[in-house]
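Colleague: Please take a close look at one part for me, the surroundings of the ligands. Keep it brisk, and spell out each cut-off.

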Amino acid sequence: MLETLHRIVQEVNAAPDLGEALRLIVQRVKQAISADVCSVYLTDFDRREHILLATEGLNPDAVGKVSLPMHRGLVGLVCERAEPVNLDDATSHPRYLFIHATGETQYRGFLGVPIIQNRKVLGVLVVRQVEPRKFDDDEVTFLFTLAAQLAGAITYARASGELNQIQHTRSPLNRYLSGQPSAPGVTTGQAVVAYQLADLDAVPDRTTDDPGAEITALKEAVALTQQELKSLKLRLSAELPVEEQALFDALLLMLGSDTLISQTVERIEQGQWAQGALHHTIEAHARVFDNMDDVYLRERASDIRDLGRRILMHLQLDKPREILYPDKTILVGEDISAVQLAEVPIERLTGIVSAMGSSSSHVAILARAMGIPAVMGVTDLPVGRLEGLDVIIDGYRGRVYVTPDPSVRDEYARLAKEETEIAVELEAMKGLKAETTDGTAIPLYLNTGLISDVMTLGLEESEGVGLHRTELLYITRDRFPGEDVQVESYRQLLSSFNPRPVILRTLDIGGDKPLPYFPFSESNPFLGWRGVRISLDHPEIFLTQIRAMIRADIGLNNLQIMLPMVSMVSEVDELQMLIQRAYDELIEEEYEVSMPPVGVMIEVPAAVYQIDEIARRVDFLSVGTNDLTQYLLAVDRNNPRVADIFDDMHPAVLRAISQIVEGAALYRRPVSVCGELAGNPLAAILLLGMGVDSLSMSAGSLLKIKWVIRSFSRARAKSLLQAALRMTDARQVRGLMEKALDDMGLGGLIRPGK
Ligand code: PEP
Ligand code: MG
């Protein structure tokens, strides 16, 4: 038996695809243990069924067509128990289910083992016998081993899209490509493939004997690229306000940066031709960002390469292609860049699908800001075959339907209609106060600074800025920004919101996101040199920033300063002394400045347990739930392997926030929440129930959260919170809140349709 097992495992391993692996397993297993039937069922939790995926012994026509309901039958029992079920006479078991469509006779002997990967049941491997038969231990472990083998093959097939093909005979609603839900909404349109411009990697090294001419060509190409970006920025400026365009400014800054051009020129002077020199410089710059853990920063690598391709295109004297965009364009591509997105006339762009990227990509952020559904990271996207095809995007669930069936079309047309109705209802929220049905107001603030968090809506609908991340100003440069540069940037933001308050957060860089000109590496960056720890070790960087913030506020008086990553009370004391010093210096220099309120972000568990000591010392507190969740649950917020257990609705996180609110109340300090949790419709009510004073979120969430708040009373929020705090895991909390939103007719905020 052992030998047979080894042989089968080897054969399955060598199978070219899942179809072949399945065929081999059912055939060989049936033979090896002399069973009458061997079948594999695939479990589909969405559709709550087990689909017959392969069989040897049952009617082959039933494959892909017959499915067993989730919680019925013996296959269902194996799945529920996630362990083998071995019965000598299945027909006498209460869960026995007779299925005609598979051409069954009454099989009595039954052995089913679950196919499990990462604790999740993917399917069930079953052998059956007409005669009563209890399978022995050896046979059970034999099946077990093969099931583990199959689990790997199924997981791979799911990721590569192969499973979709195998399931093609099934309901058309289940035939879709999967990716990361990156901007909500459903939409139908025609695919336009955004392909890469000139290929940098294809540029060979070549020597030149006329470096002067090569340098001139390079400079002309750079100037043309500059013009192009400026006009794209101008085109978008009607749609998106100043801050949105920061991305284009960042690209233009990079283009103008000394290092990029001078390093290329240097390479040309050493004998490389312009195209080769450009290729090497771009790669060197991009690689710095490639290795960063922080997704936002890794994105810079794509930006830099995109920039390089644009310059190369001009060097190669290519003209950008003229594209005819259909009225409802769905932009599809391998790795769509924000600039490619900007090239589509905005009124024609209805959706975005990208094989690479994630929900934190710039494109995704832009899509959310513009209200355009997007699915990123669709790893099996057949980009080359999509041009002109009809596509449906479900941005809530990360699904892409290519040339959908009429039934899918109808279903999505219905959902889209409901979405429009929801959009109308959301629109009606504009200008209204965010207050509960029993009159508790909870001001909503805006998070800004991440390339494109602000939009006109944000400016109009928020009570101010609850968190401005200042890192971008540092990242997009080739050296630390000077005081004057910073003053200009902060002043712009402070004035556009004046007199509403704007909270500027001091620099929060760290081991995972070093600045290119301030490199260091650590084996455990999230527990390393981060946020205020760097500020305290480098007071000159901190003081320059504080001086710039206070100067920017002259005559405006709406600045508040916030300190990130505080884990010790002494840090607050020391930083406050530095802030005082910057202020005193400015007064000495005869600036007419005023001292702004100073607050602390609570995002490290230690700060939660010393909340009263911290609250006593500062003017306000703001909970950074992204980091707080990471540190409380010991789950890296950027690690895809543990992404499914990073859950900011975990009862432990909720308890910690409650504790923060209670601690702050002792000294009557206001508490805000500025992490992602604040913009989550499922969580807002719980935060309200805790007595949080305000919420700060990205622009796309403002109206949704307002709608949720206006639908509940404070009393109901408190009772939901009590129930949530008694729960043991995040899944239960989500279930509770989904039901609460559904009951209020707000289900449309968390899934397609109403
Ligand atoms: C947070 O940690 O919740 C937060 C708002 O800060 P950042 O996401 O910038 O770390
Ligand atoms: Mg943080």
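Modeller: The answer begins with the ligands and then turns to some loops.

This is a predicted model, where local features need pLDDT of at least 70, side-chain atom pairs count only at pLDDT 80 or more, and totals for chains, interfaces and linings use all residues. Residues are numbered from 1 along each chain as its sequence is written, chains are lettered from A and ligands numbered from 1 in the order in which they are written, and side-chain values use heavy atoms, without hydrogens and water.

Start with ligand 1. Around ligand 1 there are 13 residues, each with a heavy atom within 4 Å of the ligand. Arg469, Glu603, Gly624, Asn626 and Arg637 are the closest. Six of the shell residues are charged, four are polar and three are nonpolar. Here Asp, Glu, Lys and Arg count as charged; Ala, Val, Leu, Ile, Met, Phe, Trp, Tyr, Cys and Pro as nonpolar; the others, Gly among them, as polar. Helix α22, residues 625–633, gives the largest share of the shell, with three residues. Helices are DSSP runs of H or I with at least four residues, and strands are runs of E with at least two, numbered from the N terminus.

Now the polar contacts, which are pairs of N or O atoms within 3.5 Å. A polar side-chain atom of Arg505 is 3.0 Å from an oxygen atom of ligand 1. The backbone takes part too: a polar atom of Gly624 lies 3.4 Å from a ligand oxygen, and one of Thr625 lies 3.1 Å from a ligand oxygen. On its own, ligand 1 has 290 Å² of accessible area, and the protein covers 98% of that. Such areas come from the Shrake-Rupley method with a 1.4 Å probe.

Next, the magnesium ion, ligand 2. Glu603 (OE) and Asp627 (OD) coordinate the ion at 2.1 to 2.2 Å. The two residues are 24 residues apart: Glu603 sits in the loop between β19 (598–602) and α20 (605–609), Asp627 in helix α22. Donors are N, O and S atoms within 2.8 Å of the metal (3.2 Å for Na, K and Ca); water is not among the atoms, so sites may look incomplete. Both Glu603 and Asp627 are buried, meaning under 20% relative accessible area, with exposed over 50% and partly exposed in between (1.4 Å probe, protein chains only).

Now for the loops. Pro499 lies in the loop between α16 (483–497) and β17 (502–505). The peptide bond from Asn498 to Pro499 is cis, with omega near 5°. Glu590, in the loop between α19 (569–588) and β19, has a positive phi of about 70°. Glu590 counts as exposed because its relative accessibility is 70%.

Methods
A polar contact is a pair of N or O atoms within 3.5 Å; within protein, one must be able to donate a hydrogen and the other to accept it, and residues adjacent in sequence count only if both atoms are side-chain atoms.
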